[in-house]
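Subject: Structure handover

Hi,

Here is the structure I promised to pass on. Please open it alongside this note.

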Amino acid sequence: MTIKEVTRKLLALIEKELKAFDFKLDLKEQGFLREENGVIYFYFFLIYNEHNIKTGAKGFLIEPYAKISNLSIEKYYKKITINSYLKSKWDFNTIGNSLANLIANPDGINRKRNESLRFYVWEEAHIKLVANALLKLFKEFALLYFLENSSVKRIDMLLNSHPREYTVHMVNDLFRFVKGVIAAKLDNNPESDNLLTIYNTLIDERDMPDDCRIEMKRLADMLPEIK
């Protein structure tokens, strides 16, 4: 089996059930998305080659992800970003992470990292088992994550409640800082200016690249028009 073969079989096995929840297959991106009311929900998985040292078996590890794009926030981020490689709607995620990390950090602070749900495919018969697990997690966790966390107000809370801590809801610091401030402004959060100051300080403390400073400067210049 190849990664491509396993991926296509998993997608085919879960496509019908996800379609019942209005999630459409994007074969190019190897995942599912649902667009409605100014938000996009993404449910997808990454697949990695795996090697069992004890047995010598070769297989695959599958990790499911849930991400949300809030178009009101992304509209402003697209004006700010200097990252020209961001082109597809799949590139503009406002919040989200692997389900393993989201489940492991229920308070939103990213204390436990690189978690895994350990969905393995060692032989073809395991593909159906993993597909069933992906569907179960979608219904019991991912769908609720989408529906509860897509609003500007909720995103403001998730990204900005603990500004000096790493958040599990956005592991890219730059995205978290810029989109967090945009969400705060759209939510009329009185701490918006203070958040901008805190995040600029963290860029220095974490010795982040120059493009982070450039985007934060562009954000500061754009703040008056974010509403």
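Predicted model: local features only at pLDDT ≥ 70, side-chain atom pairs only at ≥ 80, totals over all residues.

Helix α2

Start with α2, residues 71-80. Its buried residues are Ile73, Glu74, Tyr76, Tyr77 and Ile80. Viewed down the axis of α2, they fall within an arc of 165°, so they line one face of the helix. The background is simple: an α-helix has 3.6 residues a turn, so residues three or four places apart point the same way.

What covers those buried residues? The cover includes β4 (58-70), α5 (152-160), α6 (173-186) and α8 (210-222).

Look at the N-terminal end of α2 too. Asn70 caps it. A side-chain oxygen of Asn70 lies 3.0 Å from the backbone nitrogen of Ser72.

α2 against α6

These two helices pack at an angle of about 125°, and their axes are 10 Å apart.

Which residues meet here? From α2 come Ser72, Ile73, Glu74, Tyr76, Tyr77 and Ile80. From α6 come Phe175, Val178, Lys179, Ile182, Ala183 and Leu186.

Ile198

Now move to α7, residues 192-205, where Ile198 lies. Is Ile198 buried or exposed? Its relative accessible area is 9%. Buried means under 20%, so Ile198 is buried.

Leaving out residues up to four places away in sequence, Ile198 touches Pro163 and Arg164. Arg164 is 34 residues from Ile198 along the chain, yet their C-alpha atoms are separated by 7.4 Å.

Best wishes

How values were computed:
Residues numbered from 1 in each chain as written. Heavy atoms only, no water. Buried < 20%, exposed > 50% of the residue type's maximum accessible area, 1.4 Å probe, protein only. Helix = DSSP H or I, 4+ residues; strand = E, 2+ residues; numbered from the N terminus. Arc of directions from axis to C-beta. Contact = heavy atoms within 4.5 Å. Polar contact = N/O pair within 3.5 Å; in protein donor to acceptor, adjacent residues only side chain to side chain. Axes fitted to C-alpha atoms, helices over the stretch in contact; angles between N-to-C directions.
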